[in-house]
Amino acid sequence: MTDSIGLNLNSRLLLLIISLAFISVLLFEQGQVGSINVICFIFIVILGLPHGAIDPWLYDKTMFSRPKAMLLFVWCYISAALMMLVIWYFLPLLALIVFFSLSALHFGRDWQNSQDNQLAERLSAGIMVIAWPFLMQTEKTLIIINYLGVNNTSELFLSALLLMILSVSILIFSCQFLMLFKLLLLGGMSWLVSPFIYFCLYFCLLHSVLHYRHHFDIITLAFQKNRVFLILLLTFTYLFTGIMLMLTNHYAKLDTAIYQTVFWILSALTVPHMFLVERQFARAQ
């Protein structure tokens, strides 16, 4: 029953973001890219980033009664995030590969019909979500990748194409035709709008909403039992994002600063967040 509800919600959210994509095309002209990026940035910060704020409760609901355990968790979490930022600075191509790989696994859960879905099917869905902008908006996507410090992008289009073919083949072979159809609709949306709008709509209004729904009981627990800590955690996330934006904007124009802030922070938070989510799903089985 729960899987059916999640699947129906997935379909409704997909229709919502496709509808919003059409509306954005009608309302905004090409010359308003800067304004659109600012709006997307605000949505990502307000609706997207906070969905990882309940990670301490995903790890251990009783941790707050044990200060040493809580401090150890915070230390490990922040260390993993900072390590990812260091990799971006010294080895941006490696950081990009790690970020996309973890994101493919993470986004793949948005398309699960049940807990019985094979890893290959879930990973294929996640790969398609990420690969679409490389195929539909290649030039604009590679420009964003360049802003992130990755200059050797000549192989990315071919890699995305090969992974897309492999992913489609796996879903066809697994008879996941409904999942494939919805992912193809998502591909149409990625052709319609810029890569950043595509990412914003997907991350905020599909992925994050599904995460909030699935973990609603934990969100309620965190708000009722540890409200102060939750607010402090959200405040720290917003402050860190604001500081990063100011620092990057000092060295680059606003659009570039927005891309760098969003994807560097998201990649840093994805590493510990993804492992915690996978741990929680494994324990639930």
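**Briefing: buried charges, nonpolar cores and a surface patch**

Glu 278 and Arg 109 are both buried, meaning that each has under 20% relative accessible area, where over 50% is exposed and anything in between is partly exposed (1.4 Å probe, protein chains only). This is a predicted model, in which local features need pLDDT of at least 70, side-chain atom pairs count only at pLDDT 80 or more, and totals for chains, interfaces and linings use all residues. Residues are numbered from 1 along each chain as its sequence is written, and side-chain values use heavy atoms, with hydrogens and water left out.

**Salt bridges**

- A salt bridge is defined here as a side-chain nitrogen of Lys or Arg within 4 Å of a carboxyl oxygen of Asp or Glu; three are counted by this rule.
- Glu 278 and Arg 109 form one of them, at 2.9 Å from N to O. This pair connects distant parts of the chain, 169 residues apart: Glu 278 belongs to helix α13, while Arg 109 sits in the loop between α5 (92-108) and α6 (119-136). Helices are DSSP runs (H or I, at least four residues), numbered from the N terminus.
- Glu 278 also forms a salt bridge with Arg 122, with the closest N and O atoms 3.3 Å apart. Here too distant parts of the chain are linked, since Arg 122 lies in helix α6 and Glu 278 in helix α13, 156 residues apart.
- Arg 122 is buried, as is Glu 278.
- Arg 66 pairs with Asp 60 in a salt bridge whose closest N and O atoms are 2.4 Å apart. Arg 66 counts as partly exposed because its relative accessibility is 37%.

**Nonpolar cores**

- A nonpolar core is a set of buried Ala, Val, Leu, Ile, Met, Phe, Trp, Tyr and Cys residues joined through side-chain atoms within 4.5 Å.
- The largest core has 72 residues, and those with the most contacts inside it are Ile 17, Trp 88, Trp 111, Leu 183, Leu 186 and Val 262. Helix α10 (residues 195-214) gives the most to this core, with twelve residues.
- Beyond its neighbours within four places in sequence, Leu 186 is in contact with Leu 14, Ile 17, Trp 111, Val 129, Trp 132, Tyr 198 and Tyr 202; contact means heavy atoms within 4.5 Å.
- A second, separate core of 15 residues includes Leu 58, Phe 64, Ala 222 and Leu 230.

- In α7 the buried residues are Thr 141, Leu 142, Ile 144 and Ile 145. They lie on the same side of α7 because they cover an arc of only 155° around the axis, the arc being that of the directions from the helix axis to the C-beta atoms.
- Gly 149 is found in the loop between α7 (138-147) and α8 (156-173) and counts as partly exposed, because its relative accessibility is 35%.
- Gly 149 and Leu 91 are 58 residues apart in sequence, with their C-alpha atoms 8.9 Å apart in space.

**Surface patch**

- Val 38, Ile 39, Ile 42, Phe 43, Ile 46, Leu 47 and Leu 254 form a nonpolar patch on the surface, with about 540 Å² of accessible area together. Such patches join nonpolar side chains (Val, Leu, Ile, Met, Phe, Trp, Tyr) within 5 Å, and like charges within 9 Å, among residues with over 30% relative accessible area and no salt bridge. Accessible areas come from the Shrake-Rupley method with a 1.4 Å probe; for residues, only the protein chains shown count as cover.
- Helix α2 (residues 33-48) contributes the largest share of the patch, six residues.
- Leu 254 lies in helix α13 (residues 254-284) and counts as partly exposed, because its relative accessibility is 38%.

Key:
Helix = DSSP H or I, 4+ residues; strand = E, 2+ residues; numbered from the N terminus.
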